[in-house]
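Dear colleague,

I am handing over the structure we spoke about, and below it I have set out what was found. Please read the notes with the structure open beside you.

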Amino acid sequence: MIPVVVAILAPALAALLGLGAGRRFPRLVVPVAIAGSAVAFLAALVLAARAISSAPLHDRLTGPTVPTGTFPFGLDVRLDGLAALVSVAVAAVALAVQVYSTAYLKGDPRYSSYAALVSLFTAAMMLVVFADDLLVLLVGWEVMGVCSYFLIGHHWEQEGARAGAVKAFVVTRLGDVGFLFGIFTLAASVKSFDIERVQAAALHGQISQSTATVATLLLLCGVVGKSAQFPLHTWLPDAMAGPTPVSALIHAATMVAAGIYLVARLYDVFLLAPSTLAVMAVIAAITMLGAALAALAQDDIKRVLAYSTVSQLAYMLAALAVGSAGAAAFHLLTHAAFKALLFLAAGSVIHAVGTNLMRDMGGLRRAMPVTFVTMTVGLAALAGLPPFSGFFSKEAVLAAAEHAARGEGPVATWAAWLVLVTGLLTVGITAAYATRLWLMTFFHEARGPVSPHEASPAMRWPLLVLAVPATLLGAVGLRSSWLPGWLGLDESLRPGAVTAALSVLLAVAGAVSVALVWRRAPATDPSGRLGRFRPAFARAFYVDELYDRVAVRPVRSAARAVLWTDDEVVAAGSLGSGRCAGRAGALLQLTQRGNVQAYLTGVLAGIVLLAVGVVTLT
Amino acid sequence: MAGTQAIDYTALAPALVVAVTALGVLVLDLFLPAGRKVVAAWAGTGGLVVALATLLPLVGDTRRTFCVPATNVDPVSCSYVVDHLTLVFQVLVLAGAVVVMLLSLDTLRDSRIPAGEYSFLLLSSVAGAVTLAASRDILTLVVALEVVSLPAFALVALRRFDSRSSEAALKLFLVSVVSTAVMLFGLSLVYGTTGAVHLDRIASALARSDGRLPATVLGVTLSLAGFGFKVAAVPFHFWAPDTYSGAPVPVAAYLSVVSKAAGFVGLAVLLTRGFGPYADVWAPAVAVIAALTMTVGNLAALRQRSAVRLLAWSSIAQSGYMLVPLGSAAHGAGSVDAVLPATVAYVLAYAVMNLGAFSVVTLVGRHRPRNAIEDYRGLGRTEPLTAFALAFALACLAGLPPGLLGLFAKVVVFQAPVEQGVGWLAVVMAVNVVIGLYYYLAWAAALYARPAEGARPPSYRISWSDGLAIGITLGAAVWLSVLPRMVLEALR
Amino acid sequence: MNPMNYVLLSALLFSIGSAGVLLRRNAIVVFMCVELMLNATNLAFVTFARMQGTLDGQVIAFFVMVVAAAEVVIGLAIIVTIFRSRRSASVDGANLLKY
């Protein structure tokens, strides 16, 4: 179990060193940060090797127990196949990002704190991955949120970065409150915060279905917030104001997948609550289709990828909803590889042309061959073209949905059908936006003012390295003794014949139709053909505007209203003597009598209401 | 009645020590030269510490005194009972008062507030609070409650040169006396229908009666008023923001922590020991009050610019959380006793974290009389420890890690409605916790923001008494965040 | 005479007192109305003591009188300070603190 502790503590130590001594010894910043994630990566590799050689792995290390009064919680860590494999993904992407950032953020005045925060984030994610206690997991979960907040706001001179950071923090906190209370509900019924004990209680029927439903629905709030699912998905596109490597690590590969990971960890509890699974299926269906459509009309290359992340995370949630934790984990791993690759490649493009907007790119194929090839690999994996990794994992999800649609899953068949149909549709749209991004960025002629250049080696190598798993990782699902065996699961992750054929067909159709539109006018945006749907897609169906109307403004006015009543009560005297006296009606005059007496009126009226209420109701 | 009865002076010692010290301080003040009046405050602090020490022999067993003999239906009933609940609150009240006295020392030295009178009034009020925790009949409860309140009016009005101060006192006074009158009227109805004054006898009379007599129901409901005022629950909250901002800041701290804790112990004792059988009557009323209190408090706090007013509204909201367990009683037998520990735990946690916040606010208010949130910008750069103490207290109040004390306290409170099946109250509380996050975090963030252009970064000379007060509260908050069992299981 | 009538009388006095507290401007009159409320409760306590045949209610009434006296002392002191700074004993004038 030592590698587990190392994997958590190495980046934490690097973060501490970076925060403590980074300013004084700027030369140490890069080596310390890279060493931290490299050590974590090696430790994770050791763990993964163990998980593969002695599958199914199950091991735990009991730490000291902290008495809290109600139920003790322990600093336990646990190791199983899922945790080991996810930790490899986390550490690999973190290492790639640290290396990549040395070039991407070269000369940044706040580089030392940036690198330290990335290290801290890595440590927190490792804690989430290995924690065997819900409260410990919560600590990691919150630390990740705080790191995300700071890193999105890295360029805090820019208005967008500040707003994005605050929005991400507030929206995810909104979900986290549900999450917190979900944990409490679970703990209250099991009398323990221990994940293993909670899972065991769920398996042995010690959690009633109603408790499980309430708890999982509350937990789902946190998952929906963290994993940016509808209706709390709005923060992720705005979080793209952060530096691109951060988007690759936190907002594509790891943190946003933590919600999925959590559901997988507590899957036995979720299986007790079919209604929660149905809710998950509906959320996933709405999210995957809506986000894919939104991605189709974005002009900012990072926002395309952000919506694509939202959509792909919805696939994972859908897999969980239809009863396949294996497919969810599979897609989580491949997505971590190809989406991190895509973000880093996009960062390389942005670094070269100095803009996020695709209308100013174009023709980069020749100037940036490495970026072009690796991004092509990533987009092919995203679009689900065989033999790239995304094809296999997405197929596993669709096969699981098909399975459940035949009535063999834990969820209602209608929900499974919903997932299956929207999943297939989304495959087509995914291929379409991936093709659009590919064509607009790399083909035709350069539209931007600057002459682009290939990225420096520190940025090239992570791309090349990540391209390998993005291509090949799909193969691990082909045999049931491979990935399912390592995860200790008894299910097949192989593609189903019908769904595979259909989805390849749809993907090709989506890609070809975009290509045909594009060929007619290569210099323009193919999404122009969407006509009057385009603004709706580009604004992501006005969900943000809706929230502003129904949530942000009413809360502000409610605060104002409460103050107004108080104001009315207190300041009525001054109002009455002032200009309002003539206009105020008879009703208002009652409150205008004056301050203290208005308070007393409130007090006595409250008592009368209370007394009348109680006496009549009992 | 059989002769004179023995009085248990050991049980009375804490209250007596405080009361005697109060009188002693008043006399001592006469003999102190004009420049040395602060010595009176020191003597008062010493008296409080001695009173804390006199609690030690009381630990472990239940002591009763001022008893009436058994009748053919009731066993012996006592007016003054020192049990575990009493002790917990007496510790809280006395320790809180020590911190408030420490905070007052510099205020007394710098301002024109007479130190002797101030200490006398504060100690008198504390004596009332100590007695209130042990009161077990309605008369003692009322008198003790008034002993807490009356000196507090004078304390608020003590800055005679400041018309804001007397206005604050007037508002406090009027709301208080009206609430007291309403409560007395309610208690008279309860007395009239049960014929008992001791809480245990009221409880047994209520349990014996079948049906729900409207007069008794009305009496029980009206009795909530006096304590509702004390804990600043909606609709009795109106005085709190104005009084807190008009009073000297240490007095505001006193009102929001010690006096409020006294209100809660009175309410808890009255509702659980006296009106327990009528829980199905009062619990829904308390639940509604709790929901209103936290919602109004949180929403109003959102728009505050002044630190003290923000803490006032926040303390109203926190009262709402404390009422939640009491409001979830009544569903099922024994639930009244089941929910009490949660309220007690939250009151204890709240006292620690709110005193922590007030310690720093007092310090800043001494240098920046406006005491706006804006004055705290950049405090983290010049006074890292002080800023950390405030940030930690705010994190606790918000219930956000690392403020685990507040988090655990909220968990315990939240469990009550969940376990008792009052789902809507749990939902209202959850929503309110989210709203609360905003203003606590905004303030904490201001501490570490860079100071406004051209503004002098705040830097203070921190006297050792202030430092001690901040240190005690911060230490307690950190310690209880690590080992919350002391608070959470105070009553188990 | 039916003792219930005294209870009703006390409720009436209590209501008159609360109305006065809410409606009168002069702080001194407001205080007198508060006293009226407190004395209404005294009447109720004494009546109930008579109905129950115990002395407790009468004892409570004595204590309430003491409390009321103490309240008057402090209340008048507050009014005097307000009067000094404002030259008026109207409760309306006190509105420096708001929001």
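In chain B of this predicted model, the axes of helix α4 (residues 115-134) and helix α10 (residues 249-274) come within 8 Å of each other and cross at roughly 25 degrees. Since angles under 35 degrees count as roughly parallel, α4(B) and α10(B) are therefore roughly parallel to each other, and their crossing is left-handed. On the α4(B) side the contact is made by B:L122, B:V126, B:A129, B:L132 and B:A133, which meet B:Y254, B:V258, B:S259, B:A262, B:V265 and B:G266 of α10(B).

Turning to the contact between chains A and B, 31 residues of chain A are in contact with 42 residues of chain B. On the chain A side, at least two residues each come from α5 (134-152), α6 (159-190), α24 (543-577) and α26 (595-617), and of the elements there it is α26(A) that gives the most, with 11 residues. The side of chain A that touches chain B divides into 21 nonpolar, 7 polar and 3 charged residues.

As for confidence, the model scores ipTM 0.94 and pTM 0.67, while chain C has a mean pLDDT of 87, with 91% of its residues reaching 70 or more.

With best wishes

Key: Residues are numbered from 1 along each chain as its sequence is written. Chains are lettered from A and ligands numbered from 1 in the order in which they are written. This is a predicted model: local features need pLDDT of at least 70, side-chain atom pairs count only at pLDDT 80 or more; totals for chains, interfaces and linings use all residues. Axes are lines fitted to C-alpha atoms, for helices over the stretch in contact, and angles run from 0 to 180 degrees between N-to-C directions. Helices (H or I, at least four residues) and strands (E, at least two) are DSSP runs, numbered from the N terminus. Angles under 35 degrees count as roughly parallel, over 145 as roughly antiparallel, 65 to 115 as roughly perpendicular and the rest as oblique. A crossing is left-handed if the near helix is turned anticlockwise from the far one by less than a right angle, and right-handed if clockwise. Two residues are in contact if their C-beta atoms, placed from the backbone, lie within 7 Å. Ala, Val, Leu, Ile, Met, Phe, Trp, Tyr, Cys and Pro count as nonpolar, Asp, Glu, Lys and Arg as charged, and the others, Gly among them, as polar. pLDDT is the predictor's confidence in each residue, from 0 to 100.
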